[in-house]
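Subject: Two-chain model, handover and findings

Hello,

Here is the structure we talked about. Please load it first, then read the notes below.

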2 protein chains.
Amino acid sequence: MLTLPDLEEAFNRLEPVVNKTPVFTSRTLNSELDLEIYFKLESFQRMGAFKFRGAYNALSLLSPSEKERGVVTHSSGNHAQAIALAGKLLKIKTIIVMPSNAPAVKKSATLGYGAEVVECKPTTRDREETCESLIKKHGYTLIHPYDNDNVIAGASTAVQELIKEYGKFDAVIAPVGGGGLLSGTALYSKLSGNVKRVFGAEPSQADDAYRSFHTNKVQPQLHPNTIADGLRTSLSERTFGYIKTHVDEIIRVDEGEIVNSMRFIWERMKSVVEPSGATSLAAVRNARSEGLIEDHQKIGLIISGGNVDLNPYFKIFAT
Amino acid sequence: MLTLPDLEEAFNRLEPVVNKTPVFTSRTLNSELDLEIYFKLESFQRMGAFKFRGAYNALSLLSPSEKERGVVTHSSGNHAQAIALAGKLLKIKTIIVMPSNAPAVKKSATLGYGAEVVECKPTTRDREETCESLIKKHGYTLIHPYDNDNVIAGASTAVQELIKEYGKFDAVIAPVGGGGLLSGTALYSKLSGNVKRVFGAEPSQADDAYRSFHTNKVQPQLHPNTIADGLRTSLSERTFGYIKTHVDEIIRVDEGEIVNSMRFIWERMKSVVEPSGATSLAAVRNARSEGLIEDHQKIGLIISGGNVDLNPYFKIFAT
């Protein structure tokens with residue numbers, strides 16, 4: 001069970017190595033919603049997402065012999081790149097198990113950070129088996145993308161930065177997929193007493209956290225069908241426990257709301273964010289219309305990342 | 001003729017009202033080019049481009065009776081929105097003469113900032129005649145997008161901010177279209193003694209500044225055919241005079257180099273910038289390979305704006 005000192009130690013450990021990400025505001029949006037909203041843009045974090053915080057923290061805390069043997073993880077997304085970069089910086093060997101049908105761009109980005117990529121068949125079972133056999137054979141340590149307290153403590157440092165710079169908040173909203181970011185955000189917010197309420201932002205079409213929260217039991221992600229590719233995973237017992245205790249509500253957002261929010265941030269705030277990141281903005285709008293947030297409140301939005309495929313856009317210019 | 005105190009006064013006048021725009025760096029790029037590069041991202045300026053600085057400065061310096069009568073300009077680009085927003089903030093009536101075939105999105109953005117739009121036929125002659133007749137009839141003051149010392153002094157405040165925050169530079173690069181931004185940048189850089197060399201970045205397919213610079217005479221823009229829509233205009237005698245005196249070279253960049261640079265900034269720096277803005281990055285690469293910039297030098301890039309049509313990209317998600 002993570003404590004406030006664990007989270008504060010993670011902050012001190014990470015401060016010299018992470019990007020202190022910028023915080024943006026929009027006069028237009030604040031006036032439209034009658035709120036004071038601060039966007040914490042983890043899209044400007046190293047490798048383009050908050051995931052670097054958790055990966056670096058977890059790798060830093062390995063024992064010397066674990067560090068020497070190396071780590072493995074199964075992911076084709078931001079966590080893979082985060083582990084690869086953290087491993088490069090800490091001189092720890094990193095192995096990423098990736099399905100053979102993962103986009104070439106993700107594979108090359110991970111290789112670019114110096115990781116070793118091991119391909120597996122594109123099934124959850126084959127992924128896990130490949131990981132297990134590598135661990136047995138080489139003694140690697142598995143770094144799970146969110147079912148890991150050191151990863152969660154690392155993720156909490158985004159809201160810590162926000163609060164150190166901008167003070168207390170009436171509410172903070174973070175996207176929820178596997179629940180690592182939301183757990184870290186809620187833990188620090190509530191244990192430090194700096195944030196009154198914490199909300200999770202979740203796609204309606206991948207709403208396992210909402211269903212788990214309201215049935216008080218981990219529910220599986222059934223058929224996630226959302227553009228927010230970072231939020232298709234399911235809670236673990238660990239993240240559900242933190243969320244149940246420290247989060248006030250899970251706010252669901254539709255696909256159109258996610259795209260509109262993403263477009264607003266690109267167009268008006270000139271920041272490239274991924275669909276998962278934009279769910280926090282979609283959620284603040286819904287929370288407002290549902291009466292969960294009142295006039296003049298001060299709200300922090302964690303925008304989780306900015307890694308999105310720009311190929312279709314730039315193809316237009318190639319002709 | 002602008003003096004250093006004019007530029008410094010513009011800075012003090014604008015400081016309370018402009019966004020202090022962020023400055024980004026890229027470890028990858030610095031290591032690739034063996035340089036220390038600072039991106040001054042005017043894409044994060046109010047209305048999305050450096051143009052707000054010049055427009056606000058020029059409108060602030062009108063006499064009380066000029067302010068009361070209002071201003072007019074002919075533009076369908078960033079200058080129009082800049083004048084509209086500055087007019088709204090200063091409570092000055094603004095009239096924008098726009099060709100009837102201007103994109104609806106630009107017209108609505110300008111109207112959104114509270115300007116009055118007067119349509120004209122899509123010819124330079126009709127634009128100018130429409131402006132002149134409005135000036136005769138209503139006594140409006142024309143605010144030219146760059147052939148105006150107060151606009152140029154306003155534009156100089158971007159590099160002033162950069163220098164106040166990051167100190168002296170070996171070189172600074174700014175895009176050149178009509179030459180307002182480059183003039184302001186070069187004037188302050190050289191008159192203050194804080195920058196050794198100043199370069200203009202210009203599309204090869206709209207290279208009137210390059211030709212003017214090397215023939216020592218204002219040359220017309222013949223058939224501009226560049227994706228960098230903000231750089232299709234021609235120098236005026238005024239901007240040519242400043243550029244001739246204070247700029248060290250005009251660096252031309254090809255269309256593919258502009259698109260690649262734009263993509264790098266979007267993908268790696270997670271910032272939406274327009275093609276005109278990305279020319280500075282394309283130019284630093286060319287300057288490096290041409291030997292105009294040496295190892296380890298400290299370079300400032302003015303990235304002029306971030307207003308670009310995202311419709312084609314977001315249409316993909318609408319299906």
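A definition to start: two strands count as paired if DSSP finds at least two bridges between them. Note also that this is a predicted model.

**Sheet in chain B**

With that rule, chain B has an open sheet of 6 strands. The order is β1-β2-β10-β7-β8-β9, and the pairing is mixed. Its edge strands are β1 (23–24) and β9 (249–253) of chain B, each pairing on one side only. Strand β8 of chain B, residues 195–203, runs parallel to β9(B) and is joined to it by 5 bridges. One residue pair to look up: E202(B) has R252(B), in β9(B), as its bridge partner.

A helix packs on this sheet: α10 of chain B, residues 180–192. Helix α10 touches β7 (169–175), β8, β9 and β10 (298–303) of chain B. The direction of α10 makes about 170° with that of β8(B).

**Sheet in chain A**

Chain A also holds an open sheet of 6 strands. Here the order reads β1-β2-β10-β7-β8-β9, with mixed pairing. The edges are β1 (23–24) and β9 (249–253) of chain A; each pairs on one side only. β1(A) and strand β2 of chain A (residues 36–41) run antiparallel, joined by 2 bridges. In that pairing, V23(A) stands opposite K40(A) in β2(A).

Two helices of chain A are worth a look here. Helix α9 (residues 157–166) packs on the sheet and touches β1, β2, β7 (169–175), β8 (195–203) and β10 (298–303) of chain A. The direction of α9 makes about 135° with that of β2(A). Helix α11 (residues 208–215) of chain A lies across β8 and β9 of chain A. Helix α11 runs at about 145° to β9(A).

**Salt bridges**

Over all chains, the structure holds 32 salt bridges. One of them is between the side chains of K20(A) and E165(A), at 3.8 Å from N to O. That pair links distant parts of the chain, 145 residues apart. K20(A) sits in the loop between α1 (4–14) and β1 of chain A, while E165(A) is in helix α9 of chain A.

**α1 and α3 in chain A**

The axes of α1(A) and helix α3 (residues 51–60) of chain A come within 10 Å. They cross at roughly 95°. The range 65 to 115 degrees counts as roughly perpendicular, so α1(A) and α3(A) are roughly perpendicular to each other. From α1(A), the contact uses A10(A), R13(A) and L14(A). From α3(A), the partners are R53(A), Y56(A), N57(A) and S60(A). By class, this contact of α1(A) with α3(A) has 3 nonpolar, 2 polar and 2 charged residues.

**Between the chains**

How many residues does each chain bring to the contact? Chain B gives 29 residues and chain A gives 29 residues. The area buried between chain B and chain A is about 2,600 Å². Carbon and sulfur atoms give 67% of that area. K270(B), Y313(B) and F314(B) supply 28% of the area that chain B buries against chain A, more than any other three residues. The count of salt bridges between chain B and chain A is 0.

One helix pair spans the two chains. Helix α15 of chain A (residues 311–318) packs with helix α13 of chain B (residues 255–269) at an angle of about 170°. Their axes are 11 Å apart. Angles over 145 degrees count as roughly antiparallel, so α15(A) and α13(B) are roughly antiparallel to each other. On the α15(A) side, the contact is made by N311(A), Y313(A), F314(A) and F317(A). On the α13(B) side, V259(B), M262(B), R263(B) and W266(B) make it. By class, the contact of α15(A) with α13(B) has 6 nonpolar, 1 polar and 1 charged residues.

Best regards

Methods. Residues numbered from 1 in each chain as written. Chains lettered and ligands numbered in written order. Predicted model: local features only at pLDDT ≥ 70, side-chain atom pairs only at ≥ 80, totals over all residues. Heavy atoms only, no water. Helix = DSSP H or I, 4+ residues; strand = E, 2+ residues; numbered from the N terminus. Contact = heavy atoms within 4.5 Å. Axes fitted to C-alpha atoms, helices over the stretch in contact; angles between N-to-C directions. Parallel < 35°, antiparallel > 145°, perpendicular 65-115°, else oblique. Nonpolar A, V, L, I, M, F, W, Y, C, P; charged D, E, K, R; others polar. Buried area = accessible area lost by both parts, 1.4 Å probe. Salt bridge = Lys/Arg side-chain N within 4 Å of Asp/Glu carboxyl O.
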